[in-house]
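Good morning, and thank you for joining. Please look at the model on the screen while I go through a few of its charged contacts.

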There are 2 protein chains.
Amino acid sequence: MVVADRLSPTSYVVLGTIALRGPSTSYDLKRAVGRSIGYFWHFPHAQLYSEPQRLVELGLLEAETEVEGRRRRTYRLTDEGLAELRAWLAEPTPEHFQMRDIAELKLFFNEVGEQGDVARLAREQVAAHRERIAVYEDMRTRYADLDAVAKRMITLRLGLEMEHAALRFWSALLDEVAEEESA
Amino acid sequence: MVVADRLSPTSYVVLGTIALRGPSTSYDLKRAVGRSIGYFWHFPHAQLYSEPQRLVELGLLEAETEVEGRRRRTYRLTDEGLAELRAWLAEPTPEHFQMRDIAELKLFFNEVGEQGDVARLAREQVAAHRERIAVYEDMRTRYADLDAVAKRMITLRLGLEMEHAALRFWSALLDEVAEEESA
DNA sequence: TCCCATACGGTCCGAAACAGACGGTGTGGG
DNA sequence: CCCACACCGTCTGTTTCGGACCGTATGGGA
């Protein structure tokens, strides 16, 4: 799917939010975002106006212009849009510095996806965080007795704490989901 | 200090790294960043070339151009640069969605700062995370029995886990630092 | 010896993203 | 009737981003 690489996280926020809420105007999106994922995912409201337009051009949304009163555009998901969103949810999450964020985003929109998506995501995340923890632990032992960098180690500790917390979360989630599936 | 608002996190990464390593070329920065804070703070290497130049213009760095061989520029901190960096470390960390990142950054460079900086930072962070946790808990109880959003709650759980982890870290750090100070 | 692969060191540029100022349009109340 | 204010949206100049691209050394294999 070629459109996919013209899409950014913001695109999926828009698609996902419309998928959850149904047809929406930009302002609706603005408020919805502010009250929900806006808590952990930031972007300037201006993009909530330009992004849907782009998505219309890509055929993932369709716009309907109100004639009476203020001319507001209402966007609704096309079949292609829904397909794209679901494909994204089903697709492996590229490991990356922003990994946590992307994964959170996918998790947030999970209900739009398919059965196994959450489990897959969780498995990936468990693996990724384990790996990261290994890297950090390695750094820690390697520099353990270098006084010069001792002070910097503290950041590492924070990193480890966070990684462990994430790992705990995804592991627990995986367990829950696995149980459900086998039930 | 008027220069301060021409500075971005990236600027402080540059200043801080040079403060820690001593005079450095852009390439040095590139590698140093890659091996240390690059693990949790991303940016494209191109900025490690343009940013120091900007900082020279602002008087926070001075450049020395090697004549023989390849013409590489070595940057060193000026007194103003060090002052600026220390001021930043001492300054309250604006609460923000990116708060965690900024705080991590300050923590990483803490050894350049003054005595009380870490404690102050930790106190701020403890307060900020507590507040955030309160907000999340509030959301949770408020939406607790709305089936419609039940699936979305899962993200909230992740958020809470992470917040708690951060809170634990900063609290522990605060204790340690406080002990040291009173000793 | 010469050539090629690879690491080093750096520049450049088009495309997004960003912050946030700005500007209309309803609407309720004094 | 008019003013204040919340609503809704646009626009713009600056940064940032990713990543393609380009020379220069180096060293090791043919």
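Is D28(B) buried or exposed? D28(B) is buried, because its relative accessible area is 15%, where buried means under 20%, exposed over 50% and partly exposed in between, with a 1.4 Å probe and protein chains only.

A word on the basis. This is a predicted model, in which local features need pLDDT of at least 70 and side-chain atom pairs count only at pLDDT 80 or more, while totals for chains, interfaces and linings use all residues. Residues are numbered from 1 along each chain as its sequence is written, chains are lettered from A and ligands numbered from 1 in the order in which they are written, and side-chain values use heavy atoms, with hydrogens and water left out.

D28(B) forms a salt bridge with R31(B), at 3.0 Å between the closest N and O atoms; the term requires a side-chain nitrogen of Lys or Arg within 4 Å of a carboxyl oxygen of Asp or Glu. Both residues lie in helix α2 (residues 26-35) of chain B, three residues apart, about one turn of the helix; helices here are DSSP runs of H or I with at least four residues, strands are runs of E with at least two, and both are numbered from the N terminus. R31(B) counts as partly exposed, at 43% relative accessibility.

In chain A, R31(A) and D28(A) also meet in a salt bridge, at 3.0 Å from N to O. D28(A) is buried at 14% relative accessibility.

Another salt bridge links R157(A) with E176(B), again at 3.0 Å. R157(A) lies in helix α8 of chain A and E176(B) in helix α8 (residues 153-182) of chain B, so the pair joins two chains. R157(A) is partly exposed at 28%, and E176(B) is partly exposed at 35%.
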